[in-house]
Amino acid sequence: MAGVNRVFAAQLAGLPVFGPDGESIGKVRDLVAGLRLDQQPPRVLGLVVELATRRRVFVPMLRVTAIEPNAVTLATGTVNMRRFHRRPNEVLVLGQLIDAQARLASTDARVTVSDAAMEPVRTRDWVLAKLAVRERSGRLGIGRRRSSLQVLPWSEVRGLGLTDLTGQPQGAGQLLMLFDTMRAVDIAATMRDLPTKRRHEVVDSMDDERLADVLEELPEEDQKELLAHLAEERAADILEAMNPDDAADLLAELAPAEQSRLLDLMHPDESEPLKRLLTYSSDTAGGLMTPEPVILTPDATIAEALAHIRNPDLPAALASLVFVCRPPTETPTGRYVGCAHFQRLLREPPAELVASAVDTDLPALGPDADLPEITRYFAAYNLACGPVVDDQDHLLGAVTVDDLLDHLLPDRWRETGLHDITEGQEIDSA
């Protein structure tokens, strides 16, 4: 790594990692440092790299041959595929050190760590030699303080020992800024690697919509643990912000008394669909469906239908079909007429009525259809989304292929990644 003499941790976050022949390995998600008992800078032990399979592995710094503004390159050799687990004397630089509260050795002034810089030493090791800290001082007006950023040697900052980091309250502003560039599924993976205290601090600082998206990507046990940490009023708000089918799945895992309290705290318009979903077994179409697909009446225009499916917040699978029903259009609807495929809508004049593009021949699923039946249905009709209709011809909701896959994949697949990799297996990065 000739010529590289200082690298800030925040610059590494999300950088692609390549092998010596240019093959893609994954992305940098954090740095691991070993804390010391004295005031000497901690040694950077390695990188936490997220592979394409979403598994996070540890790559020692000795394997890193180049750090550039747009990539990290590894030396020839093997990458241990054992899932990364933090050891007691280790700290995650981005996950734990950033946002930590500390004091200046010279003035005892309170500061917040904004970033950390690693530098190489003669032993070929890298150490956290510098800290970017922000000191809050001086008022600018009511409730506002001036803050100044300065880069200081590690030895000039106190209060960053392992006991300090695991015991003191800590903000999450800088970490959340890093999360802004990440998908919800990647944030969920990052949060699973954090100690419980730090994970709770991040959850407390995250806005409800973002937290709802992240919760949907976590394994059930982690969902339940974080929901239990929240005050019940906020937990109810988070459930309201989640996709109804995901919220219902989470509620189904809770004790009946807790489930009832949370439903009572929710707005009736949000809780009633969840109560209906909870009446079905989780492995049936009724348990898998979302009660909020795109529903229009027959007299709506093609232009209106296209406007609905262009909504950027609408999942891609739900945008593949528009369901046409007699009023009311809230589930359970009036009589189900049929569905309009988005490709057909694109070929029709915008002023035409959506009724002219309706497919009335596609069969619907019953709410009691089991997983094998739903799987055969999606495979037979090449669908990403399918209607769930009761025996009175009322549309109850829609099942999407991603929800089906969630139930077909092995338990805890979110933790093991996209492939079932044996613990300790190694792959050659050359």
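I found Asn311 in the loop between α14 (302-309) and β16 (321-325); helices (H or I, at least four residues) and strands (E, at least two) are DSSP runs, numbered from the N terminus. The model is predicted, so I kept in mind that local features need pLDDT of at least 70 and side-chain atom pairs count only at pLDDT 80 or more, while totals for chains, interfaces and linings use all residues. Residues are numbered from 1 along each chain as its sequence is written, and side-chain values use heavy atoms, with hydrogens and water left out.

I checked the cover of Asn311: it is partly exposed, with a relative accessible area of 35% (buried is under 20%, exposed over 50%, partly exposed in between; 1.4 Å probe, protein chains only). The Asn311 side chain reaches the backbone nitrogen of Asp313 at 3.0 Å.

Next I turned to β10. Which strands does β10 pair with? Strand β10 (residues 101-104) pairs antiparallel with β11 (residues 110-120) over three bridges; pairing needs at least two DSSP bridges. Gln101 stands opposite Thr112 in β11. Five residues separate β10 and β11 in a hairpin, and Asp108 in its turn has a positive phi of about 65 degrees. Two bridges also join β10 to β14 (residues 157-158), again antiparallel, with Arg103 opposite Arg158.

Last, I looked at Leu408, which sits in helix α17 (residues 401-408). Leu408 is partly exposed, at 42% relative accessible area.

Technical notes: Polar contact = N/O pair within 3.5 Å; in protein donor to acceptor, adjacent residues only side chain to side chain.
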